[in-house]
Amino acid sequence: MAIKIEQPIVGYEVAMPDEDESSKVTQIAPLLERDDVLVGNTYKIKTPLSEHALYITINDVITTEPDGKEHHRPFEIFINSKNMENFSWIVALTRVISAVFRKGGDVTFLAEELKAVFDPRGGYFKKGGKYMPSLVAEIGEVIEQHMISIGMIEGDLGSAELELKKHQVKERLGDEALTKAALCPKCSAKALVRLDNCDTCLECGHSKCG
Ligand SMILES: [Zn+2]
């Protein structure tokens, strides 16, 4: 049966057919006004494939789980550069990724899928020497780093994300945060700091949330 909607649509809810308590699927609450809920990070990447840097912005929606903890989930992604006319496929990619983000459920596979894309013309080396098999793979890596930083997945933060985290720790926990730091399970440095539900090592970047 079709229902005519007379009111402007200001939010929506994703209904999940699976009511299984054990499933880890996160339901997104009805969306509030964009300006009220979205917080984002912008990442700059410079590739030899284009003259200008690319700016990748990932905005999150913050949900409160039944346990009362706040969780970030990516909600939308934008990629900007000076010469976007050469990159209409990037615009298409960001729209598809944003649509998947908004559907809810597990979106961590996106980073894996993108990182596995090889450019038949050959990849390139990033600053610092890490090999990127394609620009798509580097976009996947940025998404993965973002997911680690908001606690969606476990992993090691890269240098840019680690700098950002150090800055947040200093700003919000003060200088004495490091004196109270715990031992890192990965590198054994006394640099494991808890912030936003996540333990992050400010020495090696290892991060685990929950
Ligand atoms: Zn460590």
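Trainee: What does V100 count as, going by relative accessibility, and why?
Mentor: V100 counts as partly exposed, because its relative accessibility is 23%. Buried means under 20% relative accessible area, exposed means over 50%, and partly exposed is in between, with a 1.4 Å probe and protein chains only.

Trainee: What kind of model is this?
Mentor: This is a predicted model, where local features need pLDDT of at least 70, side-chain atom pairs count only at pLDDT 80 or more, and totals for chains, interfaces and linings use all residues. Residues are numbered from 1 along each chain as its sequence is written, and side-chain values use heavy atoms, with hydrogens and water left out.

Trainee: Back to V100. Where is its place?
Mentor: V100 sits in helix 2. Helices are DSSP runs of H or I with at least four residues, strands are runs of E with at least two, and both are numbered from the N terminus.

Trainee: Which residues does V100 touch, beyond those up to four places away in sequence?
Mentor: V107, F109 and L110. Contact means heavy atoms within 4.5 Å. V100 and F75 are 25 residues apart in sequence, with their C-alpha atoms 8.7 Å apart in space.

Trainee: Zoom out. How many helices and strands in the protein?
Mentor: Five helices and ten strands. Buried residues are 40% of the 210 in the protein. Among contacts with a separation of 6 or more, 43% join residues 24 or more positions apart.

Trainee: Which residues have the most contacts inside the largest nonpolar core?
Mentor: I56, F101 and I143, in a core of 25 residues. A nonpolar core is a set of buried Ala, Val, Leu, Ile, Met, Phe, Trp, Tyr and Cys residues joined through side-chain atoms within 4.5 Å.

Trainee: Which elements give two or more residues to this core?
Mentor: Strand 1 (39-45), strand 2 (54-64), strand 3 (70-80), helix 2 (88-103), helix 3 (109-115) and helix 4. Helix 4 gives the largest share, six residues. Another core lies apart from this one, with six residues, among them A177, A181, L195 and L202.

Trainee: How many residues of helix 4 are buried?
Mentor: 15 of its 15. Helix 4 covers residues 135-149 and reaches 21 Å from first C-alpha to last, close to the 21 Å expected at 1.5 Å a residue. That expected span is 1.5 Å times one less than the number of residues.

Trainee: What happens at the start of helix 4?
Mentor: A side-chain oxygen of S134 reaches to within 3.5 Å of the backbone nitrogen of V136. Just after helix 4, G151 has a positive phi of about 85°.

Trainee: And G140? Buried or exposed?
Mentor: Buried, because its relative accessibility is 0%. G140 is in helix 4. Setting aside residues up to four places away in sequence, G140 touches A111, L114 and K115.

Trainee: New topic. What does the side chain of T57 make a polar contact with?
Mentor: The side chain of T42, at 2.9 Å. A polar contact is a pair of N or O atoms within 3.5 Å; within protein, one must be able to donate a hydrogen and the other to accept it, and residues adjacent in sequence count only if both atoms are side-chain atoms. T57 is in strand 2 and counts as buried at 17% relative accessibility.

Trainee: Now the zinc ion. Which residues are its protein donors?
Mentor: C184, C187, C201 and C204, each through SG, lying 2.3 Å from the zinc ion. Donors are N, O and S atoms within 2.8 Å of the metal (3.2 Å for Na, K and Ca); water is not among the atoms, so sites may look incomplete. The spacing in sequence is C-x2-C-x13-C-x2-C.

Trainee: What makes the arrangement tetrahedral?
Mentor: The four donor atoms subtend angles of 107 to 114° around the zinc ion, so the arrangement is tetrahedral. Four donors count as tetrahedral if all angles lie between 85 and 135 degrees.

Trainee: C184, buried or exposed?
Mentor: C184 counts as buried at 3% relative accessibility, whereas C187 counts as partly exposed at 34%.

Trainee: Where is S188 found?
Mentor: In the loop between strand 7 (182-183) and strand 8 (190-195). S188 has a positive phi of about 70° although it is not a glycine.

Note on methods: Four donors count as tetrahedral if all angles lie between 85 and 135 degrees; four count as square planar and six as octahedral if opposite donors are over 155 degrees apart and all others between 65 and 115; anything else is irregular.
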